[in-house]
Amino acid sequence: MRGVLTVLRAETYRMTRTRSLWVAWILLGLLTYLVASLAGEEMVGAHGGTEGLGWGPMAKGLHSGLVIGTLGLAFLAARSLAGDADAWILRLTVTRSASRLELVYGRFLLGFPLVLSVIGMSLLGAWLGGLGAGGYGDIVIDNFPIAYGEDLVDEGRRAVLGIFAPMICVWAFGLFVSSLSPGATPAVAVTLAALLALDLFKSLLGDYEPLVFTTYVPALTGTSASGEFVGIAQGFSDSGLLDKEYRMGIDYSIRTALVCVALAAWRTVRRPL
């Protein structure tokens with residue numbers, strides 16, 4: 001356990017002092033803000049809304065930021081273990097402060113603050129963009145309320161909680177691929193290609209599609225909680241995940257993440273230094 005915490009502290013320290021990551025986080029916030037602002041201009045021109053027009057743009061900005069942030073998480077996870085092996089950090093770590101298992105588990109725990117930071121930055125930029133696009137409250141179109149602010153707050157909270165486990169699963173999947181790869185570059189390429197392929201072709205699985213974790217990951221396609229929140233925030237009553245689908249997304253993502261971490265640990269233990 002001490003080695004896990006040592007790895008977690010060391011990686012947290014390193015990332016908080018990496019300038020490129022700070023730049024990426026700021027750009028992510030700016031991106032979500034711009035998406036929300038542009039979506040707000042389109043909504044004002046398309047609807048006769050008078051109140052609460054910031055919800056739809058905010059949801060669009062949030063979802064866009066989560067899509068980009070998820071890819072960034074996959075990139076960081078994929079280059080982690082493979083990059084350690086390339087730079088001989090893996091050998092140095094296991095001879096001084098942590099075992100190989102602790103190295104993998106520490107890397108996995110690092111995903112939690114990273115996912116929270118992606119969600120937080122995306123939410124902040126989207127909220128500011130939506131605030132300038134029309135503000136929040138009840139959505140009123142042609143003097144008729146089509147959605148209430150309290151309900152939208154609850155749906156937004158539900159969407160954020162619903163995408164946390166799938167994003168952690170993406171991080172764990174990246175670690176698994178990284179443990180198999182001979183180097184950081186092929187690990188990143190394979191991880192991103194695999195996520196893209198699973199996202200584009202999961203519909204071919206038919207009834208088995210809900211069993212694939214990428215179904216619930218923020219992406220351009222699929223039924224992620226954040227993607228469905230966009231429709232809810234625009235006042236569409238047929239949007240949103242059923243309770244069964246919502247629970248399946250969290251449950252299958254947790255199970256897949258645990259399997260990926262276990263396989264990554266198994267492979268790393270047997271990896272030649």
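Me: Which side chains does a polar contact of 3.1 Å join?

Reply: A polar contact is a pair of N or O atoms within 3.5 Å; within protein, one must be able to donate a hydrogen and the other to accept it, and residues adjacent in sequence count only if both atoms are side-chain atoms. Here the side chains of Glu-11 and Arg-107 are joined by one of 3.1 Å. The model is predicted, local features need pLDDT of at least 70, side-chain atom pairs count only at pLDDT 80 or more, and totals for chains, interfaces and linings use all residues. Residues are numbered from 1 along each chain as its sequence is written, and side-chain values use heavy atoms, with hydrogens and water left out.

Me: Where does Glu-11 lie, and is Glu-11 buried or exposed?

Reply: Helices (H or I, at least four residues) and strands (E, at least two) are DSSP runs, numbered from the N terminus. Buried means under 20% relative accessible area, exposed over 50%, and partly exposed in between, with a 1.4 Å probe and protein chains only. Glu-11 belongs to helix α1, residues 2-16, and is buried at a relative accessible area of 10%. Contact means heavy atoms within 4.5 Å. Not counting residues up to four places away in sequence, Glu-11 touches Arg-107 and Leu-110.

Me: How many helices and strands does the protein chain have?

Reply: There are nine helices and three strands, in the order α-α-β-α-α-α-β-β-α-α-α-α along the sequence. Of the 273 residues in the protein chain, 46% are buried. Among contacts between residues at least 6 apart in sequence, 78% join residues at least 24 apart.

Me: Which residues have the most contacts inside the largest nonpolar core?

Reply: A nonpolar core is a set of buried Ala, Val, Leu, Ile, Met, Phe, Trp, Tyr and Cys residues joined through side-chain atoms within 4.5 Å. The largest one has 56 residues, and those with the most contacts inside it are Leu-114, Met-167, Trp-171 and Phe-229. Helix α6 gives the largest share of this core, twelve residues. Leaving aside neighbours within four places in sequence, Phe-229 is in contact with residues including Trp-55, Met-58 and Leu-152.

Me: How many aromatic pairs does a search of the whole structure find?

Reply: Rings of Phe, Tyr and Trp (its six-membered ring) pair if their centres lie within 6.5 Å; planes under 30 degrees apart count as stacked, over 60 as edge-to-face and the rest as tilted. The search finds five pairs. In one of them, the rings of Trp-55 and Tyr-136 have centres 5.0 Å apart and planes at 70°, so the pair is edge-to-face. Trp-55 lies in helix α3 and Tyr-136 in the loop between α5 and β2, so the pair ties together parts 81 residues apart in sequence. Trp-55 is buried, with a relative accessible area of 8%, whereas Tyr-136 is partly exposed at 24%. The rings of Phe-173 and Phe-213 have centres 5.7 Å apart and planes at 50°, so that pair is tilted. Both Phe-173 and Phe-213 are buried.
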